[in-house]
Amino acid sequence: MSMAGSNGVSISVSDEEECDELGRTRARVRRKRKKPSYRAKSELAQRVIRWLVKYWLFLVFVPATVLLLYEASRVGRKTSPEIDSKHSSERARVEKRPMMNLNRLEPKYRFVHGVRERCLKLLPQEDLEHLDIPVDEGSTGPVNKVLYISERDSLDLEGSTVLSSQFTETTRFNLFTGNQTLDQREKSFKVNETAMVHCGFYSDNGGFKISNEDKNYMERCEVVVSTCAFGGGDDLYQPIGMTGASVRKVCFVAFWDDITLSAQEYAKQTIGEDGFIGKWRIVVVKELPFTDQRLNGKIPKMLSHRLFPHAKYSIWVDSKSQFRRDPLGVLEALLWRSNSILAISEHGARSSVYDEAKAVVNKNKATPEEVEVQLTQYRLDGFPEDKRFNGKKALAEASVIVREHTPLSNLFMCLWFNEVVRFTSRDQLSFPYVLWRLKVPQNIHLFPVCIRKDLVNSMGHIRKARPLIR
């Protein structure tokens with residue numbers, strides 16, 4: 001195609017060339033490429049995804065298998081370092097516990113009719129140094145002799161080997177206690193000149209084994225202060241505040257088991273070659289008869305007349321306390337001065353057995369079922385809901401027990417022990433019942449809380465006792 005003008009230059013352009021030029025421009029636009037770095041990242045991500053999809057099973061199961069094998073190896077090797085570590089943490093916790101009461105000797109006071117007076121009225125120090133143990137004048141009470149039932153008796157004990165079906169599942173009778181029937185229980189509360197009663201140590205195979213060496217020492221004791229810690233329980237606190245006379249005349253005996261022995265040795269409390277730690281003679285008991293450590297603790301607490309056959313007096317102190325007064329002075333103040341055969345610390349919070357039973361259940365000290373069994377029997381026996389008997393507060397706290405070993409007090413402790421075995425381990429529930437059944441409370445001295453606080457430094461329980469595993 002050609003074009004002409006008078007003053008211009010003619011340029012001929014074909015349609016084909018115009019189309020080629022436009023095509024080259026469009027081709028350049030289509031051939032524009034992405035940046036190389038973006039392409040590389042995209043390809044890497046795709047490769048990773050493909051690899052994960054291909055090997056996911058391997059990635060999940062291999063770490064899981066390794067973890068499983070590691071945990072299995074840990075379960076299979078409970079080594080002594082683990083146990084030592086556990087003991088170390090427990091000891092560190094105990095050492096952090098404030099021991100503000102330890103070794104305190106200052107007396108306690110109370111106000112009586114507006115007058116401040118000392119709770120425990122001991123004799124002057126010079127008189128305490130010259131105290132002598134009274135001469136035994138023989139029993140003058142309603143009970144002159146107590147016989148203890150054992151499997152060696154040839155008498156017909158009316159089915160003593162048959163457990164009462166009513167309480168088969170709720171009692172802990174065994175070869176140590178003998179199987180006291182309900183009929184035998186009822187007869188045991190009848191006060192006669194000669195009493196026959198179950199009182200532990202029923203069979204030679206009943207447990208609570210003590211070495212001959214320790215037995216020989218215990219048989220020589222005339223006055224004894226005792227405590228016990230079974231199952232690794234509390235630490236041992238040395239008695240303080242004694243006169244020279246008590247150091248010479250009084251035995252201090254602590255009953256342990258192998259668990260406590262191990263725990264105390266770990267805490268650097270080692271028994272000397274003479275069998276003592278400080279003033280305490282340590283008696284390690286073998287073959288404890290109960291899996292419940294609370295019941296095992298009732299044996300030295302309530303049956304000191306069986307453990308110390310020639311002792312005239314005993315003072316029981318719970319393991320949570322440090323005894324801090326002169327033993328002979330305590331006997332004079334709480335027994336000899338008032339002509340009592342048994343002195344025990346009264347309860348500071350409650351007076352009624354039935355109120356105490358509610359508190360025991362609420363604090364998970366016993367199950368509602370076993371408490372109800374005990375209260376049901378007491379109601380059937382006619383036990384009243386009175387809070388005081390003969391003007392005395394009947395509910396005892398019982399962490400300190402001071403007594404003369406007379407036939408009557410020995411019978412009382414046997415009956416109390418049998419109630420604890422038959423029903424619950426909470427001896428506070430059964431003490432008022434036994435006091436009521438014997439009907440001889442005139443020689444029983446329940447002293448107020450402030451006297452107990454003067455007798456001991458209360459440290460509280462350090463650790464929970466471990467139950468025995470049969």
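This is a predicted model: local features need pLDDT of at least 70, side-chain atom pairs count only at pLDDT 80 or more; totals for chains, interfaces and linings use all residues.
Residues are numbered from 1 along each chain as its sequence is written, and side-chain values use heavy atoms, with hydrogens and water left out.

Eight strands form an open sheet in the order S7-S8-S6-S5-S9-S14-S11-S15, with mixed pairing; strands (E, at least two residues) and helices (H or I, at least four) are DSSP runs numbered from the N terminus, and two strands pair if DSSP finds at least two bridges between them. Strand S7 (276–277) and strand S15 (444–447) stand at the edges with a single partner strand each, so one side of each is left without a neighbour in the sheet. Helix H14 (residues 407–422) packs on the sheet, where it touches strand S11 (342–346) and S14, and its direction makes about 150° with that of S14. Strand S14 (residues 396–404) also pairs with strand S9 (residues 313–317) in the antiparallel sense over five bridges, and in this pairing Ile315 stands opposite Val402 of S14.

Helix H12 (residues 353–362) and helix H13 (residues 368–380) pack at an angle of about 170°, with their axes 10 Å apart; axes are lines fitted to C-alpha atoms, for helices over the stretch in contact, and angles run from 0 to 180 degrees between N-to-C directions. The two helices, H12 and H13, are therefore roughly antiparallel, a term for angles over 145 degrees. Their contact (heavy atoms within 4.5 Å) involves Val353, Tyr354, Ala357, Val360 and Val361 of H12 together with Pro368, Val371, Leu375 and Arg379 of H13. Eight of these residues are nonpolar, none is polar and one is charged, where Ala, Val, Leu, Ile, Met, Phe, Trp, Tyr, Cys and Pro count as nonpolar, Asp, Glu, Lys and Arg as charged, and the others, Gly among them, as polar.

The structure holds one cavity of 30 Å³ or more, a cavity being a set of points on a 1 Å grid over the protein atoms alone where a 1.4 Å probe fits but cannot get out.

Definitions and conventions:
Angles under 35 degrees count as roughly parallel, over 145 as roughly antiparallel, 65 to 115 as roughly perpendicular and the rest as oblique. On a 1 Å grid over the protein atoms alone, a cavity is a set of points where a 1.4 Å probe fits but cannot get out, and a pocket is an open set with protein on both sides within 12 Å along at least five of seven lines; lining residues have an atom within 4 Å of a point. Grid points are joined across faces, edges and corners, and a volume is the space filled by probe spheres set on the points.
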